[in-house]
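Morning, everyone. Let's look at the model on the screen together.

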Amino acid sequence: MPDFAYTVIDPSGREKRGKLRADSAGEARAQLEAKRLYVVRMGEAAEAAAAAAGQRGARWSAGGKRLSAKEVTLFTRQLSTLAQVSPLEEALRTITRQSEKDHVRAIVGRVHAGVMEGRSLADSLSAEPRSFPPLYRAMIAAGERSGALPELTERLSLLLERQAEMRAKVLTALAYPTVLAAFAFIVTMSLMIFVVPLVVEQFDTLGQELPLLTRIVMGLSLFLAGWWWLIAILIGAGGVGLWQALKREPVRLRFDAAMLRVPFLGRLIRDLHAARMARTLSTMVQSRLPVVEGLNLTIPTVHNRVLRAATIDIVEAVRGGGSLSTAMRRANVFPPLLVYLAASGETAGQLDTMLERAADYLEREFDAFTAAALSLLEPLIIILMGGLVAVIILSILLPILQLQSLTGAGA
């Protein structure tokens with residue numbers, strides 16, 4: 001009775017590897033599926049060990065690099081285009097030859113070698129788990145099983161390109177206010193630490209009591225100039241402490257729940273997750289992949305613990321025979337529009353179409369929301385910076401005006 005090595009996805013969305021003994025690969029797969037495990041890869045243990053050794057050596061020689069999200073998107077688009085006009089082996093060979101980066105050429109070359117050895121594309125991709133996540137491999141496997149790999153890679157490339165577009169929009173939305181706030185902070189600290197002490201110390205010899213605002217600003221300036229290193233250490237220690245605390249699941253769960261309650265930011269996180277989930281599920285339903293498997297594979301991509309727990313509950317509800325829309329409504333963390341369109345899609349037998357429309361709507365809402373938020377945030381930061389600079393300048397001018405009034409009175 002041979003041993004079989006396997007790679008599976010558990011109900012929580014985590015990837016697990018192991019071995020089991022069975023009479024055949026089919027019996028081993030049935031044992032795993034009976035435990036509610038989604039089988040990503042299955043093979044005899046001896047062959048898997050030899051392949052893994054060769055893959056580790058190849059990864060070591062390639063520097064252990066993996067494909068970035070942008071490189072995976074480009075690879076998928078190239079594969080989608082070439083697979084429609086040439087055999088899979090030729091498409092992978094062409095992509096390998098035209099790749100400019102060494103690590104991309106090495107990774108795609110190993111995938112091509114696996115296909116040439118007779119393994120499926122999904123199995124060959126599983127040799128590079130750091131570059132191709134379980135969700136990606138499962139969708140490729142679904143395309144191979146249905147005999148519609150070119151069509152599926154086209155849908156997959158559109159999904160990845162849309163996700164890349166959303167990531168770019170998020171970065172664009174955060175980049176400008178972050179740079180503006182950092183510049184305002186640097187200017188304010190520079191004035192407080194370097195400019196204010198040099199100007200105000202000129203009034204120490206006058207023997208007159210300085211205005212209250214000037215004394216307050218001078219006190220803050222002296223504190224920042226003398227103890228900036230302690231402030232930096234405390235901020236660094238606080239950041240490290242928070243990072244360590246967030247590794248504990250109860251703390252992380254409470255933190256993520258608090259983030260969802262923050263005005264504007266909580267809605268942004270919720271809608272982004274809902275849009276991504278809807279578009280991914282739409283693509284997987286179009287690819288004839290079961291909804292439960294699709295939900296299971298999306299769990300590792302959800303970083304907010306509250307939303308991840310809600311997704312796990314949805315998986316269990318759907319697996320128990322419930323509908324997707326009912327499980328979403330019960331979770332009470334998804335936008336009402338998504339729940340309504342999912343229910344309409346289930347009733348009409350067009351779940352993939354309605355989920356895609358929900359994703360389009362949520363993404364348009366995100367675009368409008370971020371545009372409105374940025375239009376308010378930019379002047380707010382400018383006004384705040386101008387107010388701080390005005391207070392600092394006023395604290396310097398008040399002693400000068402006081403000195404002029406004393407000089408005029410003395411004359």
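Predicted model: local features only at pLDDT ≥ 70, side-chain atom pairs only at ≥ 80, totals over all residues.

Residues are numbered from 1 along each chain as its sequence is written, and side-chain values use heavy atoms, with hydrogens and water left out.

Salt bridges, then. Side chains of opposite charge can pair when their charged atoms come close. Here the term means a side-chain nitrogen of Lys or Arg within 4 Å of a carboxyl oxygen of Asp or Glu. The structure holds 17 of them.

Take Glu363 and Arg162. Their closest N and O atoms are 2.5 Å apart. Glu363 sits in helix 16 (residues 351-410) and Arg162 in helix 8 (residues 149-200), so this pair ties together parts 201 residues apart in sequence. Helices are DSSP runs of H or I, at least four residues, numbered from the N terminus. Both Glu363 and Arg162 are buried. Buried is under 20% relative accessible area, exposed is over 50%, and partly exposed is in between, with a 1.4 Å probe and protein chains only. Shared partners join Arg162, Glu165, Arg279, Asp360 and Glu363 into one salt-bridge network.

Next, Asp102 and Arg105. Their closest N and O atoms are 2.4 Å apart. Both lie in helix 5 (residues 102-116), 3 residues apart, about one turn of the helix. Asp102 is exposed at 58%. Arg105 is partly exposed at 29%.

Last, helix 12 (residues 291-298). Of its 8 residues, 6 are buried, so the rest of the structure largely encloses helix 12. Leu295 and Asn296 are among the buried ones.

Technical notes:
Helix = DSSP H or I, 4+ residues; strand = E, 2+ residues; numbered from the N terminus.
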